[in-house]
Amino acid sequence: MNGPERRRWLRRFDEPEHARSRVIVLPHAGGSASYYRELSRALRGAGVECLAVQYPGRQDRFGEEMASTIEAYGDRIAEALSGWDDKPALLLGHSMGALIAYDMLQRHGSGLGFIDGFVASAHPPPRSGSSHESMSEERVRDYLRRLGGLDEKLLDDPAVMEIVLPAMKNDLEAVLAYRRTAPAKLDMPITAVVGLQDPHVQAEAAAGWEDWTRDSFELVSLPGGHFYFADAPEELCGVLLRAARRRKPAAAAGQPPGTVREYSTRRGLEL
């Protein structure tokens, strides 16, 4: 993937000086990188760099063809992240992003050895059954109303919905179609995070991520709904910093216990 194409996929809003680690964010269905700007700012205050993925089919990528499956998203994002091995990274997937993150790590993990921790936010682990049903516009609107995060007036604005609905419909259908018949476990710690008032994901369901790792697991519940971090990004920032301390650097690269992983000494790719 060349430089201009990589810049379409990855966004960096704040770059702290002398950052020794980074968080890579995979957004929710219909979401964009800019939604995580405040989280990036909170991480910057803690000396951690944040990269947020910008999916095609929204904002400045509105005219581009969308990835229609979770696997297709994972393939392209793994390609975009190739070469970002100058420092260890924690992967945060929110809602749909959690499925993309898991799938990418499971299928492309050998080429992403610099990622040594996974935070699954506001989504249960993959289901054993899939659905290829189409999402009507009304079903998408109902889903958005239940989740919150979008002003009710905007949901009834045809001009806004003309922009929002295509990406939401595409992404929700990708989530419904994705399945795994049995847990394929990751060799890194997993942290699952849920909002206490989330109408879509309860703690009991998120606790199922424990079966998807050979390493340690932690379940965290924070005040708020599906987008619990929107008004308090510092709380999620604290969870991410704690998850980073639980890393096992050798494990994700498939190295023997006790191995110290080496990272590239170059500054990193430019965006």
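1. A word on terms before the strands: two strands count as paired if DSSP finds at least two bridges between them. Please also keep in mind that this is a predicted model. With that in hand, look at strand E4 (residues 89-94). E4 runs parallel to strand E5 (residues 115-121), and 5 bridges join them. One of the bridge partners to look for is Ile115 in E5, which goes with Ala89.

2. E4 also pairs with strand E2 (residues 22-26), again in the parallel sense and over 5 bridges. Here Ile24 has Leu91 of E4 as its bridge partner.

3. Is E4 buried or exposed? It is mostly covered, with 6 of its 6 residues buried.

4. In soluble globular proteins, nonpolar side chains tend to be buried together. The largest core in this model has 55 residues, and the members that touch the most others are Ile24, Leu26, Ile77, Phe118 and Trp209. Helix H4 (residues 96-108) gives the most to this core, with 8 residues.

5. Leaving aside residues up to four places away in sequence, Ile77 touches Trp9, Leu26, Val53, Tyr55, Ile100 and Met104. There is also a second, separate core of 23 residues, whose members include Cys50, Leu90, Phe229 and Cys237.

6. Now for the open space. The largest pocket holds about 440 Å³. Which of its 22 lining residues are the closest to its centre? They are His28, Gly30, Gly31, Leu150 and Val164. Helix H5 (137-147) and helix H7 (158-177) are the elements that give two or more residues to this lining, and H7 provides the largest share, 4 residues. By class, the lining has 11 nonpolar, 10 polar and 1 charged residues.

7. The second largest pocket has a volume of about 360 Å³. Its lining is made of 18 residues, and those nearest its centre are His123, Tyr143, Val175, Leu176 and His200. H4, H5 and H7 each supply at least two residues of this lining. Sorted by class, the 18 lining residues are 12 nonpolar, 3 polar and 3 charged.

Notes. Residues are numbered from 1 along each chain as its sequence is written. This is a predicted model: local features need pLDDT of at least 70, side-chain atom pairs count only at pLDDT 80 or more; totals for chains, interfaces and linings use all residues. Side-chain values use heavy atoms; hydrogens and water are left out. A nonpolar core is a set of buried Ala, Val, Leu, Ile, Met, Phe, Trp, Tyr and Cys residues joined through side-chain atoms within 4.5 Å. Buried means under 20% relative accessible area, exposed over 50%, partly exposed in between (1.4 Å probe, protein chains only). Contact means heavy atoms within 4.5 Å. On a 1 Å grid over the protein atoms alone, a cavity is a set of points where a 1.4 Å probe fits but cannot get out, and a pocket is an open set with protein on both sides within 12 Å along at least five of seven lines; lining residues have an atom within 4 Å of a point. Grid points are joined across faces, edges and corners, and a volume is the space filled by probe spheres set on the points. Ala, Val, Leu, Ile, Met, Phe, Trp, Tyr, Cys and Pro count as nonpolar, Asp, Glu, Lys and Arg as charged, and the others, Gly among them, as polar.
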